Amino acid sequence: MKAIVVHAHGGPEVLGIVEKPTPEPGIGEVLIDVAAAGVNYIDVYHRSGLYPVETPFTPGLEGAGTVAAVGDEVTEFAVGDAVAWSQVPGSYASQLVAPASSLVRVPDDVPPTTAAASLLQGLTALILSSQTYEISGGDVVVVHAGAGGVGMLLIQLAKLRGARVITTVSTEAKAELARQVGADEVIGYDGFADQVAKLTDGDKAHVVYDGVGAATFDGSLRSLRPRGLLVLFGQASGPVPPMDPQVLAQHGSLYLTRPTAGHYLATPERMRHMAQELFGIVTSSSLSIRVGGEYELEHATVAHKDLQARRTTGKLLLMP
């Protein structure tokens, strides 16, 4: 089997490909032939050491494929089953051993690329829009990076719930993509807080979804109406510096949360329930999944460079 291995934290160039023996599934484990692995910003954090992972390691947490073998005591899956996962380390590989408890079954009408492109970011968007903050009709919602993987899904889920969506993008091409999935207003990052205030006649937003981090944090706070919620779910531009909580009071008794999907998907039953809800929305044709790039496994370095340079839209996949 082939796998990407990081021997030392650093830039995209540390993503080297190696040949390894095919692993054997143990008790409660499943061997999977990986059809597609998702590329996510958390992979960048692991690779760079921002989120420390002991080296050497194989990056990647998400993917889809077919069960190739099952270990003892596995009863819920059999050889040939289509499966997907969103929190299994080592997914940048042609084969992967995963705990059966970490897998979800993929419906027959969902291709593996769609499953890999939708599960982690789709579950994230579903959690953010229905649990971290329960969007309802008439809410004004700001979504940063509206042409990104989570951003495009958040826009669609917010519109399905009846919200008015304002999104930020960096180029006109990305603006067009955000409009295609339903954004009501698309604006640039320069002075976006003032633009949000103007578009809402000074009322501002009920909730801001911010996966950008340091570059947008202050403006996100200023985009909220009194008692609004800032959902900081990523830090593509870098981590937010320490702040005085008094700032929240100064901007209108605001709320701030830093959610992580794992805390919402703490049990296999909860994860599978939400995955089936997500796949149900996908198969009903009410949720568009955009694959922004497919890269051969050995080109993982290029995928990371493209992601960090913000040259991409939608979801990036590695194809072992």
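Mentor: Let us begin with a definition: two strands pair if DSSP finds at least two bridges between them. Helices (H or I, at least four residues) and strands (E, at least two) are DSSP runs, numbered from the N terminus. This is a predicted model, in which local features need pLDDT of at least 70 and side-chain atom pairs count only at pLDDT 80 or more, while totals for chains, interfaces and linings use all residues. Residues are numbered from 1 along each chain as its sequence is written, and side-chain values use heavy atoms, with hydrogens and water left out.

Trainee: How many bridges join S14 to S15?
Mentor: Five bridges join strand S14 (residues 291–296) to strand S15 (residues 315–319), and the two run parallel. Within this pairing, Glu294 stands opposite Leu317 in S15.

Trainee: And what do S14, H10 and S15 make?
Mentor: Together with helix H10 (residues 300–308), S14 and S15 make a right-handed β-α-β unit. Right-handed here means that, with the strands pointing away from the viewer, the path from the first strand over the helix to the second runs clockwise.

Trainee: What is the order of the strands in the open sheet?
Mentor: Six strands form that open sheet, in the order S10-S9-S8-S11-S12-S13, with parallel pairing. Its edge strands are S10 (185–187) and S13 (255–257), each of which pairs on one side only. From one strand to the next, the twist averages 15 degrees.

Trainee: Which helix packs on the sheet?
Mentor: Helix H3 (residues 149–160) does, touching S8 (140–143), S9 and S11 (205–210). Contact means heavy atoms within 4.5 Å. The direction of H3 makes about 165 degrees with that of S9; axes are lines fitted to C-alpha atoms, for helices over the stretch in contact, and angles run from 0 to 180 degrees between N-to-C directions.

Trainee: How many bridges are there between S9 and S10?
Mentor: Strand S9 (residues 164–168) pairs with S10 over three bridges, in the parallel sense. Thr168 stands opposite Ile187 in S10.

Trainee: Next, H4. Which of its residues are buried?
Mentor: In helix H4 (residues 172–180) they are Lys174, Ala175, Leu177 and Ala178. Buried means under 20% relative accessible area, exposed over 50% and partly exposed in between, with a 1.4 Å probe and protein chains only. Seen down the axis of H4, these buried residues fall within an arc of 160 degrees, so they line one face of the helix. That arc is the one spanned by the directions from the helix axis to the C-beta atoms.

Trainee: What covers them, and what is on the other side?
Mentor: The cover includes H3, S9 and S10. On the other side of H4, Glu172, Ala173 and Gln180 are exposed.

Trainee: Where is Val169, and is it buried or exposed?
Mentor: Val169 is found in the loop between S9 and H4, and it is buried, with a relative accessible area of 8%. Not counting residues up to four places away in sequence, Val169 touches several residues, including Lys174, Ala175 and Ile187.

Trainee: Changing topic, which residues form the aromatic cluster?
Mentor: Tyr41, Tyr45 and Tyr51 form one aromatic cluster. Rings of Phe, Tyr and Trp (its six-membered ring) pair if their centres lie within 6.5 Å; planes under 30 degrees apart count as stacked, over 60 as edge-to-face and the rest as tilted. Tyr41 and Tyr45 form a tilted pair, 5.7 Å centre to centre with 50 degrees between the planes. Both lie in helix H1 (residues 41–48), four residues apart, about one turn of the helix.
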